[in-house]
Amino acid sequence: MRDKIDKYTKYLVSDTYNPNNPIEVVKDRVKSPESIIEKAITRNWNTKQEILKNMTDLAGMKIIMRDGSNEQVNKVLENLMQGMD
């Protein structure tokens, strides 16, 4: 997942050489085993199959924008949508 997001956003991330690019940082996270267990218990998901079927947030990513203007957000979204073809 990270490789795919990086492929379509790497030229939009702000860095020393391109400080005005619209993306501040791209972050990812994987749900911890403890968090999976806690959520499964509260939802009464008792089998691995139930967890895999119902838990849709096992991994997540977020893009933190340096410039959140409509123009720049649209630019980022257009780049991400290229990966959906």
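These legends go with close-up views of a predicted model.

**View 1. One face of helix α1 holds its buried residues.** Let's start with the residues tucked away from the surface: in α1 (2-9), these are Ile5, Tyr8 and Thr9. Looking down the axis of α1, you would find its buried residues within an arc of 90 degrees, so they line one face of the helix. Here is a handy rule: an α-helix has 3.6 residues a turn, so residues three or four places apart point the same way.

**View 2. Helix α1 has a packed side and an exposed side.** What do the buried residues of α1 pack against? Their partners are β1, β2 (59-65) and α4 (70-82). On the face turned away from the buried side, look for the exposed residues Asp3 and Lys7.

**View 3. Ser14 sits in a loop.** The Ser14 side chain reaches the backbone oxygen of Pro19 at 3.1 Å. Leaving out residues up to four places away in sequence, Ser14 touches Pro19, Asn21, Ile23, Glu24 and Arg66.

**View 4. Lys39 is a residue of helix α2.** This helix covers residues 33-43. Is Lys39 buried or exposed? Lys39 counts as buried because its relative accessible area is 18%, and buried means under 20%. Which residues is Lys39 in contact with, leaving aside its neighbours within four places in sequence? They are Lys31, Trp45, Met55 and Asp57.

Definitions and conventions:
Residues are numbered from 1 along each chain as its sequence is written. This is a predicted model: local features need pLDDT of at least 70, side-chain atom pairs count only at pLDDT 80 or more; totals for chains, interfaces and linings use all residues. Side-chain values use heavy atoms; hydrogens and water are left out. Helices (H or I, at least four residues) and strands (E, at least two) are DSSP runs, numbered from the N terminus. Buried means under 20% relative accessible area, exposed over 50%, partly exposed in between (1.4 Å probe, protein chains only). Contact means heavy atoms within 4.5 Å. A polar contact is a pair of N or O atoms within 3.5 Å; within protein, one must be able to donate a hydrogen and the other to accept it, and residues adjacent in sequence count only if both atoms are side-chain atoms. The arc is that of the directions from the helix axis to the C-beta atoms.
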